[in-house]
Amino acid sequence: MSAQEPAGEEISLDTSVPHIARVYDYWLGGKDNFAADRAAAEQVIATMPDVLVSVRAQRAFLGRAVHYLATEAGITQFLDIGTGLPSANNTHEVAQREAPRSRIVYVDNDPIVLLHARALLASSPEGVTAYIDGDLRNTDKILAEAAGVLDFGQPVAIMLLGVLHCIPDEDDPAALVTRLLEAVPSGSYLTIAHPASDIATEQMSQSMRRYNEQVRAPVTARSHAQVSGFFEAVGLIEPGVVQLHRWRAGTGDPGTGRDLANYGGVGRKP
Ligand SMILES: C[S@@+](CC[C@H](N)C(=O)[O-])C[C@H]1O[C@@H](n2cnc3c(N)ncnc32)[C@H](O)[C@@H]1O
(Lines give C-alpha, C1' and ligand atoms only; values in the text may rest on other atoms or scores of the structure.)
Protein backbone atom coordinates (compact mmCIF):
# COMPACT_ATOMS: atom_id res chain seq x y z
CA MET A 1 0.00 0.00 0.00
CA SER A 2 1.44 3.34 -0.91
CA ALA A 3 -0.23 5.58 1.63
CA GLN A 4 1.50 8.83 0.86
CA GLU A 5 3.38 10.94 3.36
CA PRO A 6 3.27 14.48 2.03
CA ALA A 7 6.37 15.74 3.86
CA GLY A 8 9.43 15.72 1.66
CA GLU A 9 7.44 14.96 -1.51
CA GLU A 10 8.48 16.77 -4.67
CA ILE A 11 5.20 18.27 -5.74
CA SER A 12 4.84 20.34 -8.87
CA LEU A 13 1.90 22.68 -8.71
CA ASP A 14 0.83 24.97 -11.56
CA THR A 15 -1.13 27.67 -9.78
CA SER A 16 -1.66 29.75 -12.93
CA VAL A 17 -4.45 27.47 -14.17
CA PRO A 18 -7.62 26.91 -12.12
CA HIS A 19 -8.08 23.43 -10.72
CA ILE A 20 -11.34 21.83 -9.60
CA ALA A 21 -10.10 20.89 -6.11
CA ARG A 22 -9.06 24.48 -5.35
CA VAL A 23 -12.10 26.06 -7.04
CA TYR A 24 -14.34 23.80 -4.93
CA ASP A 25 -12.32 24.74 -1.85
CA TYR A 26 -12.94 28.43 -2.62
CA TRP A 27 -16.70 27.87 -3.03
CA LEU A 28 -16.68 26.10 0.35
CA GLY A 29 -14.96 29.07 1.98
CA GLY A 30 -11.54 27.36 2.26
CA LYS A 31 -8.11 28.97 1.99
CA ASP A 32 -6.25 26.47 -0.20
CA ASN A 33 -6.77 28.29 -3.49
CA PHE A 34 -4.92 30.72 -5.75
CA ALA A 35 -5.83 33.79 -7.84
CA ALA A 36 -6.64 31.76 -10.98
CA ASP A 37 -8.91 29.44 -8.97
CA ARG A 38 -10.71 32.35 -7.34
CA ALA A 39 -11.23 34.11 -10.69
CA ALA A 40 -12.75 30.97 -12.26
CA ALA A 41 -14.84 30.32 -9.15
CA GLU A 42 -16.18 33.89 -9.18
CA GLN A 43 -17.13 33.62 -12.85
CA VAL A 44 -19.25 30.59 -12.10
CA ILE A 45 -20.82 32.34 -9.11
CA ALA A 46 -21.67 35.31 -11.34
CA THR A 47 -23.56 33.03 -13.75
CA MET A 48 -24.93 30.63 -11.16
CA PRO A 49 -24.99 32.01 -7.59
CA ASP A 50 -26.59 28.79 -6.32
CA VAL A 51 -23.29 26.97 -6.81
CA LEU A 52 -22.42 28.15 -3.29
CA VAL A 53 -25.46 26.39 -1.84
CA SER A 54 -24.88 23.39 -4.07
CA VAL A 55 -21.34 22.70 -2.80
CA ARG A 56 -22.49 22.93 0.81
CA ALA A 57 -25.39 20.64 0.02
CA GLN A 58 -22.88 18.20 -1.51
CA ARG A 59 -20.81 18.09 1.70
CA ALA A 60 -24.00 17.59 3.70
CA PHE A 61 -25.04 14.76 1.32
CA LEU A 62 -21.61 13.17 1.81
CA GLY A 63 -22.16 13.29 5.57
CA ARG A 64 -25.67 11.79 5.38
CA ALA A 65 -24.61 9.08 2.92
CA VAL A 66 -21.58 8.02 4.98
CA HIS A 67 -23.70 8.08 8.14
CA TYR A 68 -26.30 5.85 6.44
CA LEU A 69 -23.59 3.47 5.20
CA ALA A 70 -21.81 3.26 8.57
CA THR A 71 -25.01 2.75 10.56
CA GLU A 72 -28.00 1.25 8.71
CA ALA A 73 -25.90 -0.50 6.04
CA GLY A 74 -23.20 -1.68 8.48
CA ILE A 75 -20.33 -0.74 6.14
CA THR A 76 -16.83 -0.39 7.64
CA GLN A 77 -14.77 -0.06 4.44
CA PHE A 78 -14.77 3.01 2.18
CA LEU A 79 -12.99 3.74 -1.10
CA ASP A 80 -13.38 7.52 -1.57
CA ILE A 81 -12.18 8.55 -5.04
CA GLY A 82 -11.96 12.29 -5.81
CA THR A 83 -11.56 13.07 -2.13
CA GLY A 84 -10.92 16.80 -2.45
CA LEU A 85 -9.14 19.02 0.02
CA PRO A 86 -9.87 18.22 3.65
CA SER A 87 -13.02 19.96 4.83
CA ALA A 88 -15.44 19.52 7.69
CA ASN A 89 -16.79 15.98 8.11
CA ASN A 90 -14.47 14.09 5.83
CA THR A 91 -15.50 10.49 5.11
CA HIS A 92 -13.29 8.91 7.80
CA GLU A 93 -14.51 11.34 10.45
CA VAL A 94 -18.19 10.58 9.84
CA ALA A 95 -17.61 6.83 9.44
CA GLN A 96 -15.28 6.42 12.44
CA ARG A 97 -17.62 8.45 14.65
CA GLU A 98 -20.15 5.65 14.15
CA ALA A 99 -17.79 2.71 13.67
CA PRO A 100 -14.27 3.53 14.97
CA ARG A 101 -12.74 0.47 13.29
CA SER A 102 -13.71 1.73 9.81
CA ARG A 103 -11.02 1.56 7.13
CA ILE A 104 -10.94 4.37 4.57
CA VAL A 105 -8.84 4.68 1.44
CA TYR A 106 -8.78 8.14 -0.13
CA VAL A 107 -7.78 8.67 -3.77
CA ASP A 108 -7.18 11.92 -5.63
CA ASN A 109 -5.05 12.93 -8.61
CA ASP A 110 -4.40 16.51 -7.54
CA PRO A 111 -0.98 17.30 -6.03
CA ILE A 112 -2.48 19.88 -3.68
CA VAL A 113 -4.74 17.24 -2.16
CA LEU A 114 -1.65 15.06 -1.72
CA LEU A 115 0.01 17.95 0.11
CA HIS A 116 -2.87 18.03 2.57
CA ALA A 117 -3.22 14.28 2.86
CA ARG A 118 -1.86 14.28 6.40
CA ALA A 119 -5.16 15.73 7.65
CA LEU A 120 -6.96 12.85 5.94
CA LEU A 121 -4.72 10.28 7.57
CA ALA A 122 -5.66 11.11 11.15
CA SER A 123 -7.48 7.85 11.77
CA SER A 124 -9.12 6.62 14.94
CA PRO A 125 -6.71 4.22 16.73
CA GLU A 126 -8.96 1.23 15.93
CA GLY A 127 -9.38 2.10 12.25
CA VAL A 128 -7.16 2.93 9.29
CA THR A 129 -7.02 5.73 6.75
CA ALA A 130 -4.73 5.73 3.74
CA TYR A 131 -4.17 7.93 0.72
CA ILE A 132 -3.45 6.94 -2.87
CA ASP A 133 -2.14 9.50 -5.34
CA GLY A 134 -4.05 8.13 -8.31
CA ASP A 135 -6.41 8.81 -11.19
CA LEU A 136 -9.93 7.41 -11.37
CA ARG A 137 -9.17 6.37 -14.94
CA ASN A 138 -6.49 3.99 -13.60
CA THR A 139 -8.80 1.67 -11.68
CA ASP A 140 -6.28 -1.19 -11.73
CA LYS A 141 -3.69 0.84 -9.83
CA ILE A 142 -6.31 2.09 -7.36
CA LEU A 143 -7.68 -1.39 -6.69
CA ALA A 144 -4.22 -2.96 -6.37
CA GLU A 145 -3.01 -0.36 -3.88
CA ALA A 146 -6.30 -0.19 -1.96
CA ALA A 147 -6.11 -3.98 -1.46
CA GLY A 148 -3.31 -3.32 1.03
CA VAL A 149 -5.84 -1.70 3.36
CA LEU A 150 -9.30 -2.88 2.31
CA ASP A 151 -10.47 -6.50 2.34
CA PHE A 152 -12.17 -6.89 -1.05
CA GLY A 153 -13.77 -10.11 0.22
CA GLN A 154 -15.98 -7.93 2.45
CA PRO A 155 -18.41 -5.16 1.40
CA VAL A 156 -16.89 -1.83 0.42
CA ALA A 157 -18.61 1.52 -0.14
CA ILE A 158 -17.33 3.13 -3.33
CA MET A 159 -17.66 6.90 -3.02
CA LEU A 160 -17.61 8.96 -6.23
CA LEU A 161 -18.72 12.41 -5.13
CA GLY A 162 -18.09 15.32 -7.45
CA VAL A 163 -15.59 13.36 -9.54
CA LEU A 164 -17.40 11.52 -12.36
CA HIS A 165 -18.16 14.86 -14.03
CA CYS A 166 -14.37 15.28 -14.35
CA ILE A 167 -14.37 12.23 -16.64
CA PRO A 168 -15.50 13.14 -20.18
CA ASP A 169 -17.74 10.78 -22.15
CA GLU A 170 -14.83 9.72 -24.37
CA ASP A 171 -13.10 8.26 -21.29
CA ASP A 172 -16.22 6.14 -20.61
CA PRO A 173 -17.03 6.94 -16.95
CA ALA A 174 -19.66 4.16 -16.85
CA ALA A 175 -16.97 1.58 -17.65
CA LEU A 176 -14.88 2.87 -14.71
CA VAL A 177 -17.87 2.47 -12.38
CA THR A 178 -18.46 -1.04 -13.73
CA ARG A 179 -14.81 -2.00 -13.16
CA LEU A 180 -14.91 -0.73 -9.56
CA LEU A 181 -18.17 -2.57 -8.86
CA GLU A 182 -16.77 -5.80 -10.31
CA ALA A 183 -13.98 -5.65 -7.73
CA VAL A 184 -16.30 -5.57 -4.69
CA PRO A 185 -18.61 -8.30 -3.35
CA SER A 186 -22.38 -8.44 -3.04
CA GLY A 187 -23.57 -6.10 -0.28
CA SER A 188 -21.16 -3.35 -1.36
CA TYR A 189 -22.43 0.16 -2.07
CA LEU A 190 -21.98 2.86 -4.68
CA THR A 191 -22.50 6.55 -3.81
CA ILE A 192 -22.45 9.25 -6.48
CA ALA A 193 -22.85 13.03 -6.45
CA HIS A 194 -22.93 14.55 -9.93
CA PRO A 195 -23.81 18.01 -11.37
CA ALA A 196 -27.09 18.01 -13.31
CA SER A 197 -27.45 19.15 -16.92
CA ASP A 198 -31.26 19.15 -16.86
CA ILE A 199 -31.92 21.49 -13.91
CA ALA A 200 -31.41 25.26 -14.31
CA THR A 201 -30.30 24.20 -17.78
CA GLU A 202 -29.35 27.56 -19.23
CA GLN A 203 -27.40 28.71 -16.14
CA MET A 204 -25.64 25.37 -15.89
CA SER A 205 -24.52 25.24 -19.50
CA GLN A 206 -23.35 28.85 -19.42
CA SER A 207 -21.41 28.51 -16.16
CA MET A 208 -19.84 25.22 -17.22
CA ARG A 209 -18.84 26.68 -20.58
CA ARG A 210 -17.13 29.60 -18.84
CA TYR A 211 -15.38 27.28 -16.41
CA ASN A 212 -14.25 24.88 -19.13
CA GLU A 213 -12.74 27.71 -21.16
CA GLN A 214 -10.21 28.27 -18.39
CA VAL A 215 -9.18 24.82 -17.23
CA ARG A 216 -7.10 21.91 -18.52
CA ALA A 217 -9.56 19.30 -17.28
CA PRO A 218 -13.09 20.19 -18.47
CA VAL A 219 -16.19 19.02 -16.63
CA THR A 220 -19.44 17.50 -17.95
CA ALA A 221 -22.84 17.88 -16.29
CA ARG A 222 -25.19 14.96 -16.93
CA SER A 223 -28.94 14.37 -16.99
CA HIS A 224 -30.99 12.42 -14.47
CA ALA A 225 -31.10 9.49 -16.92
CA GLN A 226 -27.34 9.56 -17.42
CA VAL A 227 -26.55 9.72 -13.68
CA SER A 228 -29.10 6.96 -13.02
CA GLY A 229 -27.31 4.90 -15.68
CA PHE A 230 -24.21 4.74 -13.46
CA PHE A 231 -26.34 2.78 -10.96
CA GLU A 232 -27.49 0.22 -13.55
CA ALA A 233 -25.80 -2.74 -11.83
CA VAL A 234 -26.93 -1.88 -8.29
CA GLY A 235 -30.27 -1.55 -6.51
CA LEU A 236 -31.00 2.06 -5.63
CA ILE A 237 -31.65 2.84 -1.98
CA GLU A 238 -34.70 5.05 -1.37
CA PRO A 239 -35.26 7.79 -2.52
CA GLY A 240 -33.17 6.89 -5.60
CA VAL A 241 -31.31 9.47 -7.67
CA VAL A 242 -32.61 12.86 -6.56
CA GLN A 243 -31.34 16.40 -6.16
CA LEU A 244 -28.80 15.59 -3.49
CA HIS A 245 -30.12 17.96 -0.85
CA ARG A 246 -33.34 15.88 -0.96
CA TRP A 247 -31.57 12.56 -0.31
CA ARG A 248 -32.71 11.64 3.23
CA ALA A 249 -32.47 15.30 4.20
CA GLY A 250 -32.70 16.46 7.77
CA THR A 251 -33.95 19.80 8.95
CA GLY A 252 -31.49 22.62 8.43
CA ASP A 253 -29.70 21.02 5.46
CA PRO A 254 -28.50 23.51 2.82
CA GLY A 255 -30.79 24.16 -0.14
CA THR A 256 -34.14 23.23 1.42
CA GLY A 257 -37.03 24.59 -0.62
CA ARG A 258 -35.16 25.27 -3.84
CA ASP A 259 -33.89 23.35 -6.84
CA LEU A 260 -30.17 22.55 -7.00
CA ALA A 261 -28.51 21.27 -10.17
CA ASN A 262 -26.72 18.45 -8.39
CA TYR A 263 -27.82 14.80 -8.24
CA GLY A 264 -27.02 12.25 -5.57
CA GLY A 265 -27.80 8.63 -5.00
CA VAL A 266 -26.73 5.46 -3.18
CA GLY A 267 -27.07 1.92 -4.52
CA ARG A 268 -26.37 -1.58 -3.17
CA LYS A 269 -24.73 -4.33 -5.19
CA PRO A 270 -27.09 -7.32 -5.15
C1 LIG B 1 -15.33 18.78 -6.60
S2 LIG B 1 -14.08 17.95 -5.66
C3 LIG B 1 -15.11 16.87 -4.68
C4 LIG B 1 -14.55 16.58 -3.31
C5 LIG B 1 -15.38 15.65 -2.43
N6 LIG B 1 -15.51 14.32 -3.01
C7 LIG B 1 -16.75 16.21 -2.14
O8 LIG B 1 -17.72 15.73 -2.73
O9 LIG B 1 -16.86 17.12 -1.33
C10 LIG B 1 -13.44 16.84 -6.91
C11 LIG B 1 -12.12 16.16 -6.56
O12 LIG B 1 -11.89 15.12 -7.52
C13 LIG B 1 -10.53 15.14 -7.89
N14 LIG B 1 -10.42 14.56 -9.24
C15 LIG B 1 -10.82 15.10 -10.42
N16 LIG B 1 -10.57 14.25 -11.44
C17 LIG B 1 -10.02 13.14 -10.88
C18 LIG B 1 -9.54 11.91 -11.41
N19 LIG B 1 -9.60 11.66 -12.72
N20 LIG B 1 -9.01 11.01 -10.56
C21 LIG B 1 -8.94 11.25 -9.23
N22 LIG B 1 -9.39 12.39 -8.67
C23 LIG B 1 -9.90 13.33 -9.48
C24 LIG B 1 -10.14 16.60 -7.85
O25 LIG B 1 -8.74 16.77 -7.70
C26 LIG B 1 -10.92 17.09 -6.63
O27 LIG B 1 -10.16 16.98 -5.46
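The following paragraphs describe the aromatic contacts around Trp 247 in a predicted model.

The structure contains three aromatic pairs. In one of them, the ring centres of Phe 61 and Trp 247 lie 5.7 Å apart with their planes at 90°, and the pair is therefore edge-to-face. The angle decides this assignment, because planes over 60 degrees apart count as edge-to-face. Phe 61 belongs to helix 3, which spans residues 51-70, whereas Trp 247 is placed in the loop between strand 7 (242-243) and strand 8 (262-268); the pair therefore ties together parts that are 186 residues apart in sequence. Phe 61 has a relative accessibility of 0% and so counts as buried. Trp 247 is likewise buried, its relative accessible area being 0%.

A second contact of Trp 247 involves Tyr 68. Here the ring centres of Tyr 68 and Trp 247 are 5.9 Å apart and the planes stand at 85°, so this pair is edge-to-face as well. Tyr 68 is in helix 3 and Trp 247 in the loop between strand 7 and strand 8, and the pair links these distant parts of the chain across 179 residues. Both Tyr 68 and Trp 247 are buried.

Terms used: Residues numbered from 1 in each chain as written. Predicted model: local features only at pLDDT ≥ 70, side-chain atom pairs only at ≥ 80, totals over all residues. Heavy atoms only, no water. Phe/Tyr/Trp six-rings, centres within 6.5 Å; stacked < 30°, edge-to-face > 60°. Helix = DSSP H or I, 4+ residues; strand = E, 2+ residues; numbered from the N terminus. Buried < 20%, exposed > 50% of the residue type's maximum accessible area, 1.4 Å probe, protein only.
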